[in-house]
Amino acid sequence: HAGVLVTPSVLDSTSNGSWDKLLEQNPWLKTTNLVAKPDQLIKRRGKAGLIAVNKTFDEAKQWVMDRMCKEQKVEHVTGQLTHFLVEP
């Protein structure tokens, strides 16, 4: 399976990018252990604690939601994370 791109549209339950739609289009999300990480150019994501490994769908979803559109500081740069990848 390829990964799934998670964008801020998950914050709007009526959008086509909601968590329910993602699950509907990618049923493997519920049956596979997942990796979640920002889909933005960040060096040393692992060191910054920005990779979640071996998670269930619900754990990966919670991990992304805890970070979506919130200020994150990585080394000397502060910014918002808006796009995440969830992969098998």
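Trp63 is buried, with a relative accessible area of 10%, which falls below the 20% limit under which a residue is called buried. This value, like the others in this briefing, comes from a predicted model.

**Trp63 and its partner**

- Trp63 and Phe84 form an aromatic pair of the edge-to-face kind, with 6.1 Å from centre to centre and 90 degrees between the planes.
- Because Trp63 belongs to helix 2 and Phe84 to strand 6, this pair ties together parts of the chain that are 21 residues apart in sequence.
- Phe84 has a relative accessibility of 0%, and so Phe84 counts as buried.

**The other aromatic pair**

- A search of the whole structure finds two aromatic pairs, and besides the pair already described there is one made by Trp19 and Phe57.
- The ring centres of Trp19 and Phe57 are 5.8 Å apart and their planes stand at 80 degrees, so this pair is edge-to-face, since planes over 60 degrees apart are counted in that way.
- Trp19 sits in helix 1 and Phe57 in helix 2, so that the pair links distant parts of the chain, 38 residues apart.
- Trp19 and Phe57 are both buried.

**The largest nonpolar core**

- The largest nonpolar core holds 21 residues, and among these Val6, Leu29 and Val64 touch the most other members.
- Two or more residues of this core come from each of strand 1 (4–6), helix 1 (19–25), strand 2 (34–38), helix 2 (57–67) and strand 6 (84–87).
- Helix 2 makes the greatest contribution to this core, giving four residues.

**Two residues in loops**

- Trp28 lies in the loop between helix 1 and strand 2, and with a relative accessibility of 10% Trp28 counts as buried.
- Trp28 and Ala48 are separated by 20 residues in sequence and by 28 Å in space, taken from C-alpha to C-alpha.
- Ser18 is found in the loop between strand 1 and helix 1, and Ser18 is buried as well, with a relative accessible area of 6%.
- When neighbours within four places in sequence are left aside, Ser18 is in contact with Ser9, Val10, Asp12 and Ser13.

Note on methods
Residues numbered from 1 in each chain as written. Predicted model: local features only at pLDDT ≥ 70, side-chain atom pairs only at ≥ 80, totals over all residues. Heavy atoms only, no water. Core = buried A, V, L, I, M, F, W, Y, C linked by side-chain atoms within 4.5 Å. Buried < 20%, exposed > 50% of the residue type's maximum accessible area, 1.4 Å probe, protein only. Phe/Tyr/Trp six-rings, centres within 6.5 Å; stacked < 30°, edge-to-face > 60°. Contact = heavy atoms within 4.5 Å.
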